[in-house]
Amino acid sequence: MTFLKAAMNAQRKQRGEAELTMPEFMRAVKGAAEKLQVPQDMLKRGLNVGFSGGEKKRMEILQMALLQPSFAILDETDSGLDIDALRIVAEGVNALRDGARGFLMITHYQRLLNYIKPDTVHVMAKGRIVRSGGPELALELERNGYAEYVGEAA
């Protein structure tokens, strides 16, 4: 957790704010963990030591909550998660959504989007965006697959 405290203090320094003391840092961690439904016992373990895939993802969301980036890239956040872990991670992401933070979520499956409603959906093929639309585009992809978009990218 000391690397997280150092990163948070580096951000605070850039903004001209005072560094967090250890008690302030621990209060921030415990508050964010409570908001994101991360059990306190997880905070006592070494980072990712013996964690399941879902626990690792939850800790990544906790770190994101504490670091408060203005833009976050979530690359296949649903990979390796069972349905319960997927729901919990999605709830964590939704808790962080606000007008001051943007997200780019990369996924191949609709199941994550059942919990995190996208504003815009883009289809990429061969390194190019070949189609854009609203949440209904993700549902269309789930029904029809990606095959028709591969040819568009050529």
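Helices, taken as H or I runs of at least four residues, and strands, taken as E runs of at least two, are DSSP runs numbered from the N terminus. The exercises below concern a predicted model.

**Exercise 1. Determine how many helices and strands the protein has, and in which pattern they follow one another.**

Counting the runs gives 8 helices and 4 strands. Reading along the sequence, one then finds the order α-α-α-α-β-α-β-α-β-β-α-α. For the overall extent, the C-alpha trace spans about 55 × 35 × 25 Å along its principal axes.

**Exercise 2. Classify the packing of helix α1 against helix α2, and describe the residues in contact.**

Begin with the geometry: helix α1, residues 2-14, and helix α2, residues 22-35, have axes 11 Å apart and pack at an angle of about 100°. Because angles of 65 to 115 degrees count as roughly perpendicular, α1 is roughly perpendicular to α2. Next, list the contact, in which Leu 4, Lys 5 and Met 8 of α1 meet Met 22, Phe 25 and Ala 28 of α2. Sorted by class, this contact of α1 with α2 has 5 nonpolar residues, no polar ones and 1 charged residue.

**Exercise 3. Carry out the analysis for helices α4 and α5.**

The axes of α4, residues 53-67, and α5, residues 83-96, come within 9 Å and cross at roughly 5°. Since angles under 35 degrees count as roughly parallel, α4 is roughly parallel to α5. On the α4 side the contact is formed by Gly 54, Lys 57, Arg 58, Ile 61, Met 64 and Ala 65, which meet Ala 85, Ile 88, Val 89, Gly 92, Val 93 and Leu 96 in α5. These residues divide into 8 nonpolar, 2 polar and 2 charged.

**Exercise 4. Identify the residues that make the nonpolar surface patch, and the elements that give two or more residues to the patch.**

Phe 71, Ile 73, Leu 104 and Ile 106 make a nonpolar surface patch of about 360 Å². The elements that give two or more residues to this patch are β1, spanning 71-75, and β2, spanning 102-106; Ile 73, for instance, lies in strand β1.

Conventions: Residues numbered from 1 in each chain as written. Predicted model: local features only at pLDDT ≥ 70, side-chain atom pairs only at ≥ 80, totals over all residues. Heavy atoms only, no water. Axes fitted to C-alpha atoms, helices over the stretch in contact; angles between N-to-C directions. Parallel < 35°, antiparallel > 145°, perpendicular 65-115°, else oblique. Contact = heavy atoms within 4.5 Å. Nonpolar A, V, L, I, M, F, W, Y, C, P; charged D, E, K, R; others polar. Patch = residues over 30% accessible without salt bridge, like charges linked within 9 Å, V, L, I, M, F, W, Y side chains within 5 Å. Areas by Shrake-Rupley, 256 points an atom, 1.4 Å probe, with all protein chains shown as cover. Salt bridge = Lys/Arg side-chain N within 4 Å of Asp/Glu carboxyl O.
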